Amino acid sequence: MVTKSKWSIGLLLVICSGAFAQKNVVCYYSSWATYRPGRGQFNVDNIDPNLCSHLVYAFFGLREDGTVAVLDPWLDLEDNGGRGNIRRFNELKNVNPNLKTLAAIGGYTQGSEVFSSVAADSALRRNFAEDARDFCLLHGFDGLDVGWEFPGQRGGDPVNDRANFVLMLAEMKQVFSASDLILTGALAAAQNIAEISYDIRAVSQHLDFINLMAYDFNGGWNPFTGHNSPLYVGPADGTDFQRTLNVHHSVSYWLQQGAPASKINLGIPFYGRTFTLENRANYELRAGASGPGAPGFYTQEEGALAYFELCAMFSNANWVRHWDNDQKIPFGVIENQWVGYDDVETTNYKCNYIHEQNLAGGMVWSIEKDDFHGYCGPKFTLLTTLRICLR
């Protein structure tokens, strides 16, 4: 069932129930946000270290020889007048001594080819494990987050990557454990990707936590609208494949394949996926779309808008918020632009789901996409909502 309403900031229809033991709140920080224009710029100084249990610095690269690459030396280091982001990031632990920091290696733009070649060679696997350990110890990180997107795909070896990824993680876990470092992985939630890329039971044995990327289920690459991260299946999901594109199906699949609930941090997106409607009069889920939506002024990415960009749109008289009660998600329409996003209401539903499934906690991609200045309400609206509910 879909209902329509004008947005009212601060509206909270779901109250997170009960008192629970504190769970993880893993926050990715996209370091390139420092280059955004105007009020979209986000620096290390903008991070509130008390809202997260783990902060993840994204991204560092992987070289062909298995060593870690600093991708932006001017921003990350202090040589030759650099900004020293890495040092400042890890000094946030002086404010919150319970905070853990991780270095994220890889990401979507890294692709799969280099990971695949390193994972296929025992000497390179060892070199990666030892160099990554040394990198963490040198810079003060508490561990590493492996972001290979994705084994067996996007330039990788479709036959051997799945097994080699397990060998890579086993090597890394052995080296990291000896230095008391954390090892986590940012892994695809959707079954159609995960069943190709991961031996889930084996991968889970070598990771302290699985940061499950439960978003990008739909986007401007499709010829019809669909929500970025629906919690449940909906009546508009007309095919077997579409009925797998939701959080509940993905978490259930990971659990059935042997991932312990106690290791899964459920990913929650602080951005929406956008579409340009073919016909403004047809704006429901799975309505025809001619392509991705227009880029945001600050994030400048076609087909996506950060929550802080979205919330500024809510006051527009032409903006209409719709709510799908089956999938527990909002979507918004303004003229021919359509966006499926997460808000306070959805964040609370997902938080309750984390408790219901007894998962390890939540993960957010990414902290600088929240309303970090508080232009639309309290600062870090979505992250604070999650932190309070998981406390």
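What is the torsion about the S-S bond of Cys27 and Cys52, and is the disulfide left-handed or right-handed?

Tutor: This is a predicted model. The torsion for Cys27 and Cys52 is about -95°, so their disulfide is left-handed. Their sulfur atoms sit 2.1 Å apart. The pair links distant parts of the chain, 25 residues apart. Cys27 belongs to strand β2 (residues 24-30), while Cys52 is in the loop between β2 and β3 (54-62). Both cysteines are buried.

With a cut-off of 2.5 Å between sulfur atoms, the count is three disulfides.

Next, Cys311 and Cys376. Their S to S distance is 2.1 Å. The angle about the S-S bond is 75°, and this link is right-handed. Cys311 lies in helix α9 (residues 307-313) and Cys376 in the loop between β16 (361-365) and α11 (381-390), so the bond ties together parts 65 residues apart in sequence. Cys311 and Cys376 are both buried.

Then Cys351 and Cys389. Here the sulfur atoms are 2.2 Å apart. The link is left-handed, with -105° about the S-S bond. Cys351 is in helix α10 (residues 344-356) and Cys389 is in helix α11, so this pair joins parts 38 residues apart in sequence. Cys351 is buried, as is Cys389.

That leaves Cys136 to look at. The closest cysteine sulfur to that of Cys136 is in Cys27, 18 Å away, which is too far for a bond. Cys136 counts as buried because its relative accessibility is 0%.

Key: Residues are numbered from 1 along each chain as its sequence is written. This is a predicted model: local features need pLDDT of at least 70, side-chain atom pairs count only at pLDDT 80 or more; totals for chains, interfaces and linings use all residues. Side-chain values use heavy atoms; hydrogens and water are left out. Helices (H or I, at least four residues) and strands (E, at least two) are DSSP runs, numbered from the N terminus. Buried means under 20% relative accessible area, exposed over 50%, partly exposed in between (1.4 Å probe, protein chains only).
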